[in-house]
Amino acid sequence: MKIGIIGSGDVAKTLGAGFLKHGHDVVLGTREPAKLADWASQNPKGRVVSFAQAAHFAELAVLAVKGTAAAAAVKAAGAAVLTGKIVIDATNPIADAPPDHGVLKFFTTLDESLLERLQREFAGVRFVKAFNSVGSSCMVNPRFAGGKPTMFICGNDAAAKSAVTTILDQFGWETADRGPAVAARAIEPLCMLWCIPGFVANDWAHAFKLLR
Ligand SMILES: NC(=O)c1ccc[n+]([C@@H]2O[C@H](COP(=O)([O-])OP(=O)(O)OC[C@H]3O[C@@H](n4cnc5c(N)ncnc54)[C@H](OP(=O)(O)O)[C@@H]3O)[C@@H](O)[C@H]2O)c1
């Protein structure tokens, strides 16, 4: 597939390399292409473009920007261009305030997630929340002694979630679909839980697994 990633941080770079590894065509979109010079030289099949060019290129897009800038980034990419397209939303609504005892602060509430805000503002975009509840270093085919980890996803479009589930299969994840966009109220805070051992004990090598 043609994958257009909107972002230039660790998530964009890691997922970009992961999509390339699995044979997809990849562009990374940024306002500052110079930031991605190293990534481009390490990933010669990938290309660095603008947010808008990434949205145009994408058969499937990934939103991987700072949570506070998520809506602005979708607007800059072009909401009309993204309308009808699947957009994996990897963002988290992390506030600028520092963590409290390793617990991140969010700018959303438990009654309204960032995904719901984005879905309401950009109604025609087929958002799927995924990849937000694990650190970038564990996103692509991670190996854990405890077996295959679980990625919790949600979104309002069943076909979009099915396409994202296929990608998660490639990336070595079991998928747990938790329903429509409202479920992001529970999935986004998993990022807080995931980060606590990182901030408190510098332990970043773990993921969630659903046992039945
Ligand atoms: N880091 C992780 O391990 C991890 C794991 C799971 C989820 N997440 C979530 O994934 C998202 C990306 O995380 P990250 O660590 O890769 O990168 P990040 O540092 O949170 O974000 C960098 C990206 O945000 C964009 N950005 C910042 N301010 C902006 C603005 N005012 N307008 C438009 N774009 C703006 C930057 O655009 P330019 O390219 O133009 O500079 C850049 O692409 C975040 O929401 C984060 O919470 C991160």
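## Pocket, sheet and helix packing

In this predicted model, the largest pocket holds about 800 Å³ of space. Its lining is made up of 36 residues, and those closest to the centre of the pocket are Val11, Ala64, Val65, Lys66 and Gly67. Three helices, namely H1 (10-21), H4 and H9 (190-201), each supply at least two residues of this lining, and the largest share, four residues, comes from H9. When the lining of the largest pocket is sorted by class, 19 residues are nonpolar, eleven are polar and six are charged.

Strands of a sheet pair through backbone hydrogen bonds, and the pairing may be either parallel or antiparallel. Here six strands form an open sheet, with parallel pairing, and reading across it gives the order E3-E2-E1-E4-E5-E6. Strand E3 (47-49) and strand E6 (126-129) stand at the edges, where each has a single partner strand, so one side of each is left without a neighbour in the sheet. From one strand to the next, the twist averages 25°. For isoleucine 3, the bridge partner in E4 is leucine 60.

Helix H4, which was named above as a contributor to the pocket lining, also takes part in a helix contact. H4, spanning residues 70-77, packs with helix H6, spanning residues 114-121, at an angle of about 35°, and the axes of the two helices are 10 Å apart. The crossing of H4 and H6 is right-handed. Which residues meet where H4 and H6 are in contact? On the H4 side they are Ala70, Ala71 and Lys75, and on the H6 side they are Leu114, Leu118 and Glu121. By class, the contact of H4 with H6 comprises four nonpolar and two charged residues, with no polar residues.

Definitions and conventions:
Residues numbered from 1 in each chain as written. Predicted model: local features only at pLDDT ≥ 70, side-chain atom pairs only at ≥ 80, totals over all residues. Heavy atoms only, no water. Axes fitted to C-alpha atoms, helices over the stretch in contact; angles between N-to-C directions. Left-handed = near helix turned anticlockwise from the far one by under 90°. Contact = heavy atoms within 4.5 Å. Nonpolar A, V, L, I, M, F, W, Y, C, P; charged D, E, K, R; others polar. 1 Å grid on protein atoms, 1.4 Å probe; cavity = no way out; pocket = protein on both sides within 12 Å on 5 of 7 lines; lining within 4 Å. Points joined across faces, edges and corners; volume = space filled by probe spheres on them. Pairing = 2+ DSSP bridges.
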